Amino acid sequence: MKFLSTIKTIALCAGMAGAAPVFSHISLAEGQAPAGSNYKAVFGVSHGCAGSATTGLEVRLPPDFQGARPMPKAGWTVATRVDKLAAPYTSHGKTVTDDVTLVSWRAANREAALADAHYDEFVLRGKLPAQAGPLWFKVLQTCESGRNDWSELPATGTSTQGLKSPAVLLDVRPDGAGQQHH
């Protein structure tokens, strides 16, 4: 009887392992937010590159993410890249034609680098698009040795199952269908 119970448990675990979702090693603290809201994106970094410490993080912003402002981080330099927009938008009564498209953090020195065995967060905020749907953030993680380019997108849908280096997904929900983020 105990043998049969053990076999059932093993079979159940094996079945669940195949169905388990795949999570990116760069993640968002809040994976969903309402359309049109201000959103605080907290990117969690859970490991380095094959044992090597993280020395940089570069977040390529989705085209509909507006007015990004990164949070400075002690021991790291922060920089932004501003580019001309394909589709200008209005903010506070002004037409915005150029906006932040990339945010990067670099460790100021070796001591500030994020050890492979440690976890840390990198924060920026901006305004989400008025339309609900998936919003993908492509993240390049550089390390003392090597790098991880978290930029793979699924061919269809939002499942990252089977992707080795998935981009970071934010589920933008219809206005009012989730928590407010200010």
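Is Arg 81 buried, exposed or partly exposed? Arg 81 is partly exposed, with a relative accessible area of 44%. The views below come from a predicted model.

**View 1. Salt bridges in the whole structure.** A search of the whole structure gives seven salt bridges. Three of these pairs are shown in close-up: Arg 60 with Asp 149, Asp 83 with Arg 81, and Arg 173 with Asp 171. Side chains of opposite charge can pair when their charged atoms come close.

**View 2. The salt bridge between Arg 60 and Asp 149.** The two side chains meet at 2.6 Å, N to O. Arg 60 belongs to strand β4 (residues 54-60), and Asp 149 belongs to strand β10 (residues 147-150), so the pair ties together parts that are 89 residues apart in sequence. Arg 60 is partly exposed, at 27% relative accessible area. Asp 149 is partly exposed too, at 29%.

**View 3. The salt bridge between Asp 83 and Arg 81.** The N to O distance in this pair is 3.1 Å. Asp 83 has a relative accessibility of 28% and counts as partly exposed.

**View 4. The salt bridge between Arg 173 and Asp 171.** Here the side chains meet at 3.1 Å, N to O. Arg 173 has a relative accessible area of 30%, which is partly exposed. Asp 171, at 27% relative accessibility, also counts as partly exposed.

Technical notes. Residues numbered from 1 in each chain as written. Predicted model: local features only at pLDDT ≥ 70, side-chain atom pairs only at ≥ 80, totals over all residues. Heavy atoms only, no water. Salt bridge = Lys/Arg side-chain N within 4 Å of Asp/Glu carboxyl O. Helix = DSSP H or I, 4+ residues; strand = E, 2+ residues; numbered from the N terminus. Buried < 20%, exposed > 50% of the residue type's maximum accessible area, 1.4 Å probe, protein only.
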